[in-house]
Amino acid sequence: MTIHSGTSLLGESLSLPDSLWADTAIPAPPIKSISGNETADVLIIGAGFTGLSAAIHLSEAGLSCMVLDAAEPGWGASGRNNGQVIAGLKQDPYIIERLYPGELGHRFVQFGDQAPSDVFNLIKQYDIDCAASNKGWIQPAFSKNGIGAVHARCEAWQQRGVDARLLEGD
């Protein structure tokens, strides 16, 4: 269950912002307002990808979950990325492994690499009607520094067994 309260957050409307995503997405189901008498084993704050995934996994483990968000599901960052599901983390793998040496860094990088597969598996498992397309992604670069960073990123992922390749020119 997702509950919704209020009409704005920091002065911004709680309706999805104008975007191709909002214009083409399937309408969200009706959302309940807080009545003050709800109970659950776990309260999850945020109805983005992470919060909803947590609710699914905790529910599968037999716990009752309540997801609380100020807006409709996907209103924040999860709904403003145009539905992109991209492997990796904000930092490149070698940076993560430097920050978290040993097994922890390795597992963190694997998590980032595996995350899109986990998302597409949930879509399939729950027959989620979302026009999912799992075709990879392209990291563009337009400057010498940017091109160098893309080469380093590609090489870093290749060294970790990911089927990454450079596309150059036409």
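A residue is called buried when its relative accessible area is under 20%, exposed when over 50%, and partly exposed in between, with a 1.4 Å probe and protein chains only. At 15% relative accessibility, Cys65 is therefore buried. Cys154 has a relative accessible area of 9%, so this residue counts as buried too.

This is a predicted model, in which local features need pLDDT of at least 70 and side-chain atom pairs count only at pLDDT 80 or more, while totals for chains, interfaces and linings use all residues. Residues are numbered from 1 along each chain as its sequence is written, and side-chain values use heavy atoms, with hydrogens and water left out.

**Overall layout**

The protein has five helices and six strands. Helices (H or I, at least four residues) and strands (E, at least two) are DSSP runs, numbered from the N terminus. Along the sequence, these elements come in the pattern β-β-β-α-β-β-α-β-α-α-α. The C-alpha atoms fill a box of roughly 55 × 40 × 35 Å along the principal axes. Of the 170 residues, 19% count as buried.

Helix α2 covers residues 49-60, which is twelve residues. The expected span of a helix is 1.5 Å times one less than its number of residues. For α2 this gives 16 Å, and the end C-alpha atoms are 16 Å apart, so the two values agree. Just after α2, Gly62 takes a positive phi of about 95°.

Cys65 is found in strand β6 (residues 65-68). Between Cys65 and Leu104 there are 29 Å in space, C-alpha to C-alpha, and the two are 39 residues apart in sequence. A disulfide is a pair of cysteine sulfur atoms within 2.5 Å, and the count by this rule is zero.

**Salt bridges**

Side chains of opposite charge can pair when their charged atoms come close. A salt bridge is a side-chain nitrogen of Lys or Arg within 4 Å of a carboxyl oxygen of Asp or Glu. The whole structure holds two salt bridges.

| Salt bridge | Closest N and O atoms |
|---|---|
| Asp92 and Arg153 | 2.5 Å |
| Glu97 and Arg160 | 2.5 Å |

In the pair of Asp92 and Arg153, Asp92 lies in the loop between β6 and α3 (93-99) and Arg153 in helix α5 (residues 144-159), so the pair ties together parts that are 61 residues apart in sequence. Asp92 is buried at 9% relative accessibility, whereas Arg153 is partly exposed at 21%.

In the pair of Glu97 and Arg160, Glu97 lies in helix α3 and Arg160 in the segment after α5, so parts that are 63 residues apart in sequence are tied together. Glu97 is partly exposed, with a relative accessible area of 25%, and Arg160 is partly exposed at 28%.

**Aromatic pair and nonpolar patch**

Rings of Phe, Tyr and Trp (its six-membered ring) pair if their centres lie within 6.5 Å; planes under 30 degrees apart count as stacked, over 60 as edge-to-face and the rest as tilted. The count by this rule is one aromatic pair. The rings of Tyr100 and Phe108 have centres 5.7 Å apart and planes at 75°, so the pair is edge-to-face. Tyr100 is partly exposed at 36%, and Phe108 is partly exposed at 31%.

Patches are made of residues with over 30% relative accessible area and no salt bridge, with like charges joined within 9 Å and nonpolar side chains (Val, Leu, Ile, Met, Phe, Trp, Tyr) within 5 Å. Leu99, Tyr100, Leu104, Phe108 and Phe111 form a nonpolar patch on the surface, with about 500 Å² of accessible area together. Accessible areas come from the Shrake-Rupley method with a 1.4 Å probe; for residues, only the protein chains shown count as cover. Helix α4 (residues 103-125) gives the most to this patch, with three residues. Phe111 is found in helix α4.
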